[in-house]
Each structure stands twice: as C-alpha cells, then as structure tokens.
Amino acid sequence: MTAEANHGHGHGHGHGVSVEADRKLLSGALVLIVGFMAAEVVVGIAAGSLALITDAAHMLTDAIAIVLALIAIRLAARPPAGGFTYGLKRVEILSAQANGITLLLLAAYFVYEAIARMIHPPEVKGALVLITGVVGIVVNLVATWLISKANRTSLNVEGAYQHILNDLFAFIATAIAGLVVLLTGFARADAIAALVVAALMLKAGISLVRDSGRIFLEAAPAGLDPQALGAELCALDGVVEVHDLHVWEITSGEPAASAHILVAEGLDCHQIRVGIEALLAERHQLTHSTLQVDHATGDEVDAHCTDAHGTVHRSVTAAGRGPDPAIPNP
C-alpha cells in the first residue's frame, strides 16, 4: 500500500478582521457614541427617564462592539507566536461572550425597573426625552454612515455596524415616548419605551452568547451540516471513505475543517486532495482545511473505522462491496 499524509491549507483568505478596515472611521464613530452616551446618562437622570438610561446602556454595548473591532484589527496583524498557534483570535469571542452576558443582565434589570414604573409611574420630563431621542437618532445616523464607509468585509466591523443600526430603533422608540409624555402626560410611555429597548438588548445578548458558545464548543458553523458534508465528499469519484471529519470555527467568520480521506488504490492522492480543497472552499467557504489522504485496501477500510471519531462515511462501492451507509461510531 502507498500512503500519503497530505495537509492542505487555504492561505488566500484573511484571518479575522482585515487590516484594510478604516480605523479612523471606526474611531470617529466611537467618539460620537461615547460622548453622546455620557450626556444621555446625565439628561436621563435629570429628566427622570428610564428610557434614556436604557438607551445609554445600549450605546455602551455599541461602543464595546466598536472597541472590539479596533482591537481585533490590531490583533489580526500579529503573527502566531509561542503556544498560541492561532494567535489571539479568540480574544474577540471572549469579549463577545462577556458583552452578551452583560446585555442579558442589563436587560433583566431594566425590565424589572420598567415594570415597577408601569405600576408607579414617576414624573417624566417629556420635552427632554423627546429632544434627547431626536439627537440620538441623528448621532446614530452619523455613526452608521461612518462605519458603512469602512471595510465591512470584516465581520467585526459589520457586527459593530449592525449594533448601531439596531440602536436607531431604540432611539426612535424613546423619541416617540417623549412626544407622548409631552403631549398627553402619559408617563408610562417612558417605561414602555424602556421595555422596547430591553427587548432589543435581550435579543442581541442571546445572539452573542449563543454564537460565542458555539465557537467555544467548536460546533460546526451555522448552516453547515457535517453529516451532509461527509456524504458529499464520499460521493466524489475515487473516494472510498471519509472519517475523522471535523468542522469548526477558529473565530467568527473563520471556519476550518479537517478529515481523513481514503481513496482507491492506484489513484493520485494529491490530485484528489486538491479537488476536495476546491470543493470545500467554493461550495462551503471552508478555505482553511487540513486533509490526510491515504490509499485504502479492503482490510484497511475496516481497520480505520475502529479508531474514527464521529460518523464514518463510506462510498456505496467501498472496497468493491455493496451499499454501505454511514456508520456511526460510539
């Protein structure tokens, strides 16, 4: 038997945030948001508005998202060193999880406060709430425009963009609440707006915790079924078996795959590996792949199955036998 251990790595992709992302645009948006956030806290306390304070908390998460993007840009430029063979790419995921947990805790607190204010509504200065809400809409529009001009091929930059875009809805709700209080004196409108903002924070928090948790647990990227992928690879001409198939994300937007491929004797392992790498990259955006490709005999096919992790996928004509579906291993 002729055995080859071939490792294919896609190097044509960017790991993490692109270094071409415009730091000045992100920094400009950050200054706008942090400055307005500080002013909003002061006005929110003066106006007795929970909606303004929850908006400020939501803007804090916007600022954190932009800071993460800036940090990730810097870290992405650093080559792996020492024991960190992937560099510091998962710092982004640690921060995202902390950000998500913070959002959930803040959302729970603001829901509690909003319900209390629904029962016993305090005096709210509608004019201050309305003016601050309108200014907040303008600030978020400018910040959104700035980030939209940056390199949004970076998932971090796109994430910050979506954060700020989402915050626009919160400020619209706050401005409407201020107008209602000003025109009708219905103070509970402020608490209702706070509940709307808390709901947005809850949605964003759950999404961050879920997505970061999947990456920490090295789950397959959303929308990619490893079982279907294994069957697809095993259906390729010359492939006898696929096992030890693993698909995970190194960090957000950076999926990776590894597998042990057995091919029929007499075929070119290198050529088949190149074809599989092209399929992974073009159909599934798996541009970072590590493949071990070996020739297989009938006896070797059975031997490999005893040590494989996960599902073993076999060609219907594996080793000259009849149909043999994927075999799950304990």
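Tutor: Helices (H or I, at least four residues) and strands (E, at least two) are DSSP runs, numbered from the N terminus. This is a predicted model, in which local features need pLDDT of at least 70 and side-chain atom pairs count only at pLDDT 80 or more, while totals for chains, interfaces and linings use all residues. Residues are numbered from 1 along each chain as its sequence is written, and side-chain values use heavy atoms, with hydrogens and water left out.

Student: Which helix gives the most to the nonpolar patch?

Tutor: A patch takes residues with over 30% relative accessible area and no salt bridge, joining like charges within 9 Å and nonpolar side chains (Val, Leu, Ile, Met, Phe, Trp, Tyr) within 5 Å. Accessible areas come from the Shrake-Rupley method with a 1.4 Å probe, and for residues only the protein chains shown count as cover. Here L32, V134, V138 and V142 make a nonpolar surface patch of about 280 Å². Three residues of the patch come from the helix that gives the most, residues 126-148, which is helix α4.

Student: Is H163 buried or exposed?

Tutor: H163 sits in helix α5, residues 155-184. Beyond its neighbours within four places in sequence, H163 is in contact (heavy atoms within 4.5 Å) with H58, T61, D62, A65, N99 and L208. Its relative accessible area is 14%, so H163 is buried.

Student: How many salt bridges does a search of the whole structure find?

Tutor: Side chains of opposite charge can pair when their charged atoms come close. A salt bridge is a side-chain nitrogen of Lys or Arg within 4 Å of a carboxyl oxygen of Asp or Glu. The number found in the whole structure is five.

Student: Which residue forms a salt bridge with D190?

Tutor: D190 counts as buried because its relative accessibility is 1%. The closest N and O atoms of the pair are 4.0 Å apart, and the partner of D190 is R117.

Student: How far apart in sequence are the parts that E232 and R283 tie together?

Tutor: The side chains of E232 and R283 meet in a salt bridge, 2.6 Å from N to O. E232 lies in helix α7 (residues 226-234) and R283 in helix α8 (residues 269-284), so the parts tied together are separated in sequence by 51 residues.

Student: By about how much of the helix are R273 and E277 separated?

Tutor: R273 and E277 form a salt bridge of 3.0 Å, N to O, and both are buried. They are four residues apart in helix α8, so their separation is about one helical turn.

Student: Which residue in β4 stands opposite E241?

Tutor: Strands pair if DSSP finds at least two bridges between them. Strand β1 (residues 239-251) and β4 run antiparallel and are joined by two bridges. Both faces of β4 (residues 311-314) are covered, with T311 and H313 buried on one side and V312 and R314 buried on the other. Opposite E241 stands R314.

Student: How many disulfides does a search of the whole structure find?

Tutor: A disulfide is a covalent bond between the sulfur atoms of two cysteines. The test used is a pair of cysteine sulfur atoms within 2.5 Å. C234 is buried at 5% relative accessibility, and C269 is buried at 0%. The number of disulfides found is zero.

Note on methods: Buried means under 20% relative accessible area, exposed over 50%, partly exposed in between (1.4 Å probe, protein chains only).
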